[in-house]
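Here is a short briefing for a first look at a structure. It starts with the whole chain and then turns to the ligands.

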Amino acid sequence: MRATNLYAPTLREMPADAELISHKLMLRGGMMRKSANGMYTFLPLGWRVIKKIEAIIREEMDKAGGQEIMMPILQPSELWEESGRWAAYGKEMMRVKDRHDHSYSLGPTHEEMMTALVRNEVRSYKQLPLMLYQIQDKFRDERRPRFGLMRSREFIMKDLYSFDKDVDGMNISYDKMYKAYQNIFTRMGLTFRPVEADNGAIGGGHSHEFTALTEAGESVIACCSKCDFAASDEKAELKAIVAADEVEEELKKVSTPDAHTIDLLVKYLNIPIEKTIKAVAYQTETDELVLVFVRGDHDVNEAKVLHFLENARELRMADEEAITNAGGCPGFMSPIGIKKGTKILVDLTAMEMKNAVSGANEVDTHYTGVNPKRDFKDVIVADIRMVKEGDPCPRCGAPLSLTRGIEVGQVFTLGEKYSASMNATFLDENGKEKPLVMGSYGIGVGRTMAAIIEQLHDDNGIIWPVSVAPFEVAVVPVNAKNAEQLKTAENIYKELKSKHIDVLLDDRIERAGVKFKDADLIGYPLRITVGPKAVEEGIVEIKIRKNGEIKLLKQDKYVDEIINLLKEL
Ligand code: ATP
Ligand code: MG
């Protein structure tokens with residue numbers, strides 16, 4: 001490709017409306033443009049990167065046994081009614097009607113379509129296992145589309161679905177995908193961690209998110225400083241922290257005027273926050289009151305509470321009336337004295353506290369000398385808090401640290417969730433009819449591109465790994481008006497092309513400085529500068545983008561060196 005034929009409008013200035021560096025550099029580097037809120041057009045350079053990312057994904061999916069198909073984006077509402085998700089998916093699903101008034105979703109994901117596809121034709125265990133995938137646009141009407149490709153409303157996703165005859169088979173498919181994902185993200189030069197993830201409303205099964213580590217990410221993950229435990233902050237399981245033994249004091253009411261928050265309470269009584277018990281009152285979508293208690297410095301993990309409640313899907317802050325009806329006093333709540341039959345959840349660590357302070361269910365009053373094991377009656381004790389920096393690892397006890405990252409992919413076991421509700425069954429070895437056992441596995445293609453840039457850039461621009469670079473090498477004649485320089489550059493360009501190297505010839509009549517800046521900004525792994533030395537002495541200058549190193553090589557040696565460098569970078 002010659003730069004004079006390439007549509008790559010680079011920008012000198014940083015675009016003001018972009019927050020993340022990946023978003024800025026993609027716009028500045030002429031890789032994409034915004035079309036509408038949360039929607040983007042890929043320009044030739046950006047699209048080349050996307051195609052290379054997709055090619056790596058394809059290779060690894062195929063190697064793991066996946067078969068590529070292509071499904072329509074529009075999905076009939078009837079299928080979603082069958083699984084129950086037409087109502088449950090909510091506002092994130094974009095919906096359209098055709099001229100006959102039939103409703104469709106613009107597919108946010110394809111579990112229903114895939115299940116419907118196989119249920120008519122997979123009849124016997126002999127046809128299993130089966131893995132089908134596609135790479136295609138998905139639509140989600142995100143509440144806050146932002147950060148460019150990171151959270152957009154139309155985005156490219158690879159989604160694979162596995163079908164097995166039993167749970168063991170499903171777990172084998174899951175492991176294959178897990179390994180394929182490790183290969184994919186490693187090949188793209190990402191620093192990432194597979195982390196144990198919450199699998200939302202799916203329940204029962206397990207899930208991992210593949211998280212590219214970077215401060216710019218929206219996900220928070222807890223990683224052990226000693227063993228390989230890593231989990232998303234919502235998922236991270238926690239064990240009880242047992243407070244040091246103390247002689248148990250009597251329960252005593254103390255006056256605490258206006259101390260209706262933990263901060264005010266700590267100040268008023270001048271006690272460590274670790275001695276206080278915090279209350280949060282929720283109501284579920286069926287209005288059931290759920291009172292949750294954690295240690296004062298801890299936060300309630302609503303995902304864990306929801307899992308625990310099983311039949312609830314949503315939590316909202318409880319109405320004052322509901323709290324008082326149950327015998328509680330907002331701002332001064334305690335499990336002591338709450339009406340029997342009220343659901344009370346106490347965190348494992350809160351339950352192990354000694355001589356703590358909690359509300360007394362009376363205005364401006366707290367109890368001191370609270371010993372939950374002695375004083376809390378009819379409560380459910382469970383792991384319901386958010387992980388905190390320094391918490392002990394649930395596996396080995398070493399301190400956990402919290403880091404940020406970008407979820408680039410996720411793998412789920414689905415079990416029979418879709419096959420049972422959508423009646424996708426097969427006959428097993430004994431002729432018995434059973435629901436297919438499924439898994440689903442997604443990768444955000446555009447988000448992965450953004451994550452790579454977040455990790456691999458410097459002040460001058462992007463530093464692409466060779467595997468996904470828009471071009472592997474840029475050949476830059478210093479002065480394209482000089483016929484001899486241009487000719488030498490053309491010869492190098494042609495020679496590299498003949499060796500199947502993905503090369504761009506920057507034949508634009510521009511100042512050398514402008515072309516060098518663009519090469520750094522766009523981030524080609526290698527730049528070959530063709531100046532007077534190349535013409536007169538046959539010396540070729542290679543610049544390695546990653547470390548700025550410059551190599552001067554004789555013309556008869558440079559091709560082998562480039563081939564070697566491309567293997568290393
Ligand atoms: P998030 O929690 O970030 O909203 P998700 O868990 O809902 O994502 P999945 O349903 O697991 O997303 O989708 C699979 C992959 O698709 C994600 O791992 C992510 O890489 C990508 N993805 C999801 N939503 C978006 C989006 N709005 N824009 C770009 N990529 C997305
Ligand atoms: Mg996800």
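A residue counts as buried when its relative accessible area is under 20%, as exposed when over 50%, and as partly exposed in between, using a 1.4 Å probe and the protein chains only. By that rule, buried residues make up 54% of the 569 residues in the protein chain. The model is predicted: local features need pLDDT of at least 70, side-chain atom pairs count only at pLDDT 80 or more, and totals for chains, interfaces and linings use all residues. Residues are numbered from 1 along each chain as its sequence is written, chains are lettered from A and ligands numbered from 1 in the order in which they are written, and side-chain values use heavy atoms, with hydrogens and water left out.

**The chain as a whole**

- The protein chain holds 17 helices and 31 strands. These are DSSP runs numbered from the N terminus: helices are H or I with at least four residues, strands E with at least two.
- The C-alpha trace spans about 95 × 65 × 45 Å along its principal axes.
- Of the contacts with a separation of 6 or more, 69% join residues 24 or more positions apart. A contact means heavy atoms within 4.5 Å.
- The chain has an accessible surface of about 26000 Å², and carbon and sulfur atoms own 49% of it. Such areas come from the Shrake-Rupley method with a 1.4 Å probe; for residues, only the protein chains shown count as cover.

**Ligand 1**

- Ligand 1 is surrounded by 14 residues, and the closest are Glu142, Arg151, Ser152, Glu407 and Arg447. A residue belongs here if one of its heavy atoms lies within 4 Å.
- The shell divides into 5 nonpolar, 4 polar and 5 charged residues. Ala, Val, Leu, Ile, Met, Phe, Trp, Tyr, Cys and Pro count as nonpolar, Asp, Glu, Lys and Arg as charged, and the others, Gly among them, as polar.
- A backbone N or O atom of Val408 lies 3.0 Å from a ligand oxygen. For Gly444, a polar backbone atom is 3.2 Å from an oxygen of ligand 1.
- Taken alone, ligand 1 exposes 580 Å², and the protein buries 81% of that.
- Strand 8 (154-164) and strand 21 (400-415) are the elements that give two or more residues to the shell. Strand 21 gives the largest share, 4 residues.

**The magnesium ion**

- Glu407 (OE) and Gln410 (OE1) coordinate the magnesium ion, ligand 2, at 1.9 to 2.2 Å. Donors are N, O and S atoms within 2.8 Å of the metal (3.2 Å for Na, K and Ca); water is not among the atoms, so sites may look incomplete.
- Glu407 is partly exposed at 23% relative accessible area, whereas Gln410 is buried at 12%.

How values were computed:
Polar contact = N/O pair within 3.5 Å; in protein donor to acceptor, adjacent residues only side chain to side chain.
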